[in-house]
Amino acid sequence: HAALRAHSHMDAGAPATAKDELAQKEKKPGRVKSFLIKHGIELLDIPKAILALKGVGYISFLGTLAVCYRFQPLQTLSKRPGPRKLMMSLEKRYPAQYAKTRTWVLEKSEKLANWKYFRPIPEKLGLQPKRFSLAIAENLLFYKVATPILLPLQFWFVIQMFRKNPSQTPTLEEFMEGVDVISNHWPQQNNS
């Protein structure tokens, strides 16, 4: 009887054991899943939609890589007066870190360009290995900066692909909600 009384005083919604807590978590949909369901994706299409979202993300990354290889946007931008002034102030304020980071990026891109397993990739594509490896380094930063624009567009595209009721077009605010969903779902990405 004492166990029944103790149990009756417990919060009815709280799990009694770790096993119950795990079962409760499994019933609760994740943030990405909830977001997709909210925007008209059926439960059976969720795994395909998440895979499509990852695929669209990789395609976006390759697209921005092509932009970085062809146009070198960050290098071009750094030659403009405003960004150049910012870079010079960073170099002046943190000379050791700036030099160390610059040297590290250049050395790693040179090493990557000459690596026997990497070198054939740009060569097969008809690209210069050194420029391609610098484009990868530039793209890592460029893609991070462009994520607030790209991620909502990726969500919008996937929602359009899998939505059963196409008359419900999400608003811009709903697209931006996708950024919050991902950044809260994978917080380790925000730390880099």
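Predicted model: local features only at pLDDT ≥ 70, side-chain atom pairs only at ≥ 80, totals over all residues.
Phe71 is exposed, with a relative accessible area of 52%, where exposed means over 50%, buried under 20% and partly exposed in between, using a 1.4 Å probe and protein chains only. Phe71 belongs to helix α4; helices here are DSSP runs of H or I with at least four residues, strands are runs of E with at least two, and both are numbered from the N terminus. Between the C-alpha atoms of Phe71 and Ala135 there are 9.4 Å, although 64 residues separate the pair along the chain.

Residues are numbered from 1 along each chain as its sequence is written, and side-chain values use heavy atoms, leaving out hydrogens and water.

Seen as a whole, the protein chain has ten helices and zero strands. Its pattern along the sequence reads α-α-α-α-α-α-α-α-α-α. Of its 192 residues, 24% count as buried. The protein chain exposes about 14,200 Å², of which carbon and sulfur atoms supply 63%; such areas come from the Shrake-Rupley method with a 1.4 Å probe, and for residues only the protein chains shown count as cover. Among contacts (heavy atoms within 4.5 Å) between residues at least 6 apart in sequence, 65% join residues at least 24 apart.

Helix α4, residues 46–71, meets α9 with axes that come within 6 Å and cross at roughly 140°. Axes are lines fitted to C-alpha atoms, for helices over the stretch in contact, and angles run from 0 to 180 degrees between N-to-C directions. The α4 and α9 crossing is right-handed, a term for a near helix turned clockwise from the far one by less than a right angle, with anticlockwise giving left-handed. By class, this contact of α4 with α9 holds 20 nonpolar, five polar and four charged residues. In this scheme Ala, Val, Leu, Ile, Met, Phe, Trp, Tyr, Cys and Pro are nonpolar, Asp, Glu, Lys and Arg are charged, and the others, Gly among them, are polar.

Helix α9 (residues 129–162) also packs with helix α7 (residues 95–114), at an angle of about 130° and with axes 8 Å apart. The crossing of α7 past α9 is right-handed. On the α7 side, the contact includes Val105, Leu106 and Ser109, and on the α9 side Pro129, Lys130 and Ser133 are among the residues involved. Eight nonpolar, two polar and two charged residues make up the contact of α7 with α9.

Two loop residues on either side of α4 complete the picture. Asp45 sits in the loop between α3 (31–38) and α4, and counts as buried at 8% relative accessibility. Beyond its neighbours within four places in sequence, Asp45 contacts Phe162 and Lys164. Gln72 lies in the loop between α4 and α5 (73–77) and, at 23% relative accessibility, counts as partly exposed. Although not a glycine, Gln72 has a positive phi of about 45°.
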